[in-house]
Amino acid sequence: MGFTYKKAGLNDIELLVKTRIEVLGAANHLGDEADMSVVEYQSREYYKEALTAGTHIAYLVFDEKRFIGTGGISFFRVMPTYHNPTGWKAYIMNMYTKSDYRRKGIAYHTLEILVEEAKKRDVKHISLEATDMGRPLYERYGFTKMDHEMELQRRQ
């Protein structure tokens, strides 16, 4: 099957936001009644800022004119270290393929494109959060579980 992988631009923000809300709903097992209005607004603001600044790259996947998937990568800088002298890192997010197109290599190819974007920038540290459904894909690609990071979950 010949799918088209298109780098998203500012004119694609509404599709990116819509898909982002779908992905978050599915990943967090949210029903249609969940209020995502703040997340939707903030996602739109994020895309406007990050696509303009070049700190986020997203790809949209189409089967002819039908939208069937997406994936994104965000670039951010932390204090440089011995193992990461530039301090640049990347975070892959919003990986999504419509259910009737899964198991056709679309997500894997999208992941390849995003990792290549990081390589072009000489960013070697790439991370992501994996759902149970996505974990086998990322493991097959070579991602491994991180042992040395911790996270503080803020209490409301």
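Leaving aside its neighbours within four places in sequence, which residues is asparagine 84 in contact with?

Guide: This is a predicted model, in which local features need pLDDT of at least 70 and side-chain atom pairs count only at pLDDT 80 or more, while totals for chains, interfaces and linings use all residues. Residues are numbered from 1 along each chain as its sequence is written, and side-chain values use heavy atoms, without hydrogens or water.

Once the neighbours within four places in sequence are set aside, asparagine 84 touches Lys89 and His125, where contact means heavy atoms within 4.5 Å. Asparagine 84 sits in the loop that runs between β3 (66–77) and β4 (88–97). With a relative accessibility of 7%, asparagine 84 counts as buried; the term buried stands for under 20% relative accessible area, exposed for over 50%, and partly exposed for what lies in between, with a 1.4 Å probe and protein chains only.

Helices (H or I, at least four residues) and strands (E, at least two) are DSSP runs, numbered from the N terminus. Read from the N terminus, the order of the elements is β-α-α-β-β-β-α-β-α. Of the 156 residues, 38% count as buried. Among contacts with a separation of 6 or more, 61% join residues 24 or more positions apart. The C-alpha trace spans about 45 × 45 × 30 Å along its principal axes.

The structure holds 6 aromatic pairs. The ring centres of phenylalanine 62 and phenylalanine 67 lie 6.0 Å apart with planes at 70 degrees, so this pair is edge-to-face. Both phenylalanine 62 and phenylalanine 67 are buried. For tyrosine 141 and phenylalanine 143, the centres are 6.2 Å apart and the planes stand at 35 degrees, so that pair is tilted. Rings of Phe, Tyr and Trp (its six-membered ring) pair if their centres lie within 6.5 Å; planes under 30 degrees apart count as stacked, over 60 as edge-to-face and the rest as tilted.

Tyrosine 141 has a relative accessible area of 24% and is therefore partly exposed, whereas phenylalanine 143, at 17%, counts as buried. Ring pairs join Tyr141 and Phe143 with Tyr108 and Tyr138 in a cluster.
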